[in-house]
Amino acid sequence: MAATYDFPSDLLAGQEELHQVRAELLALLKRLPWSVEPLDGFSDDKGWRKVERPASPGWTPDEQAEVEKLRQRERELAVFVTCHRFWSEVAPPDTVDARAMLKHAHEGPAQMS
């Protein structure tokens with residue numbers, strides 16, 4: 001049976017917010033045009049697979065600001081989670097297992113097996 005860890009509440013909250021920010025950023029990037037700058041469309045079938053892109057109107061300044069805001073928050077949370085004082089209490093051989101359990105802690109015990 002895998003070890004269990006008593007994660008501090010601030011670490012759990014930080015990891016949960018990191019999941020949420022990453023999901024929000026991914027959803028935003030999927031909605032936005034493929035290019036930040038306005039670019040013409042193209043079609044290239046000379047490589048190992050065909051690549052096609054429609055013309056891109058680019059991102060608006062508001063869209064660029066929103067992406068930057070989410071990326072900045074993602075970086076802040078990633079640093080908070082990975083540098084949390086809790087990790088100094090975990091034996092080095094168990095760190096990978098503990099980190100994996102933290103990433104899935106929001107799923108509940110039944111889904112983590």
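A salt bridge is a side-chain nitrogen of Lys or Arg within 4 Å of a carboxyl oxygen of Asp or Glu. The views below show a predicted model, in which local features need pLDDT of at least 70, side-chain atom pairs count only at pLDDT 80 or more, and totals for chains, interfaces and linings use all residues. Residues are numbered from 1 along each chain as its sequence is written, and side-chain values use heavy atoms, with hydrogens and water left out.

**View 1. Salt-bridge network of E17, R73 and E76.** Salt bridges link E17, R73 and E76 in a network. Between E76 and R73, the closest N and O atoms are 3.0 Å apart. Both residues belong to helix α2, at a spacing of 3 residues, about one turn of the helix; helices (H or I, at least four residues) and strands (E, at least two) are DSSP runs, numbered from the N terminus. E76 is partly exposed at 38% relative accessibility, and R73 is partly exposed at 30% (buried means under 20% relative accessible area, exposed over 50%, partly exposed in between; 1.4 Å probe, protein chains only).

**View 2. Salt bridge between D10 and R85.** The structure holds 7 salt bridges, and one of them joins D10 to R85 with 3.6 Å between the closest N and O atoms. Because D10 lies in helix α1 (residues 9-31) and R85 in the loop between α2 and α3, the pair ties together parts that are 75 residues apart in sequence. D10 is partly exposed, at 29% relative accessibility, whereas R85 is exposed, at 55%.

View 3. R99 sits in helix α3 (residues 95-103). R99 is buried yet lacks a salt bridge, and E74, the nearest side chain of opposite charge, is 9.9 Å away (Lys and Arg count as positive and Asp and Glu as negative; His and the chain ends are not counted). Apart from neighbours within four places in sequence, R99 contacts Q15, V81 and W87 (contact means heavy atoms within 4.5 Å).

View 4. The structure holds 5 aromatic pairs (rings of Phe, Tyr and Trp, the last by its six-membered ring, pair if their centres lie within 6.5 Å; planes under 30 degrees apart count as stacked, over 60 as edge-to-face and the rest as tilted). The ring centres of F86 and W87 are 5.1 Å apart and their planes meet at 75°, so this pair is edge-to-face. Both F86 and W87 are buried, and together with Y5 and F7 they form one aromatic cluster.
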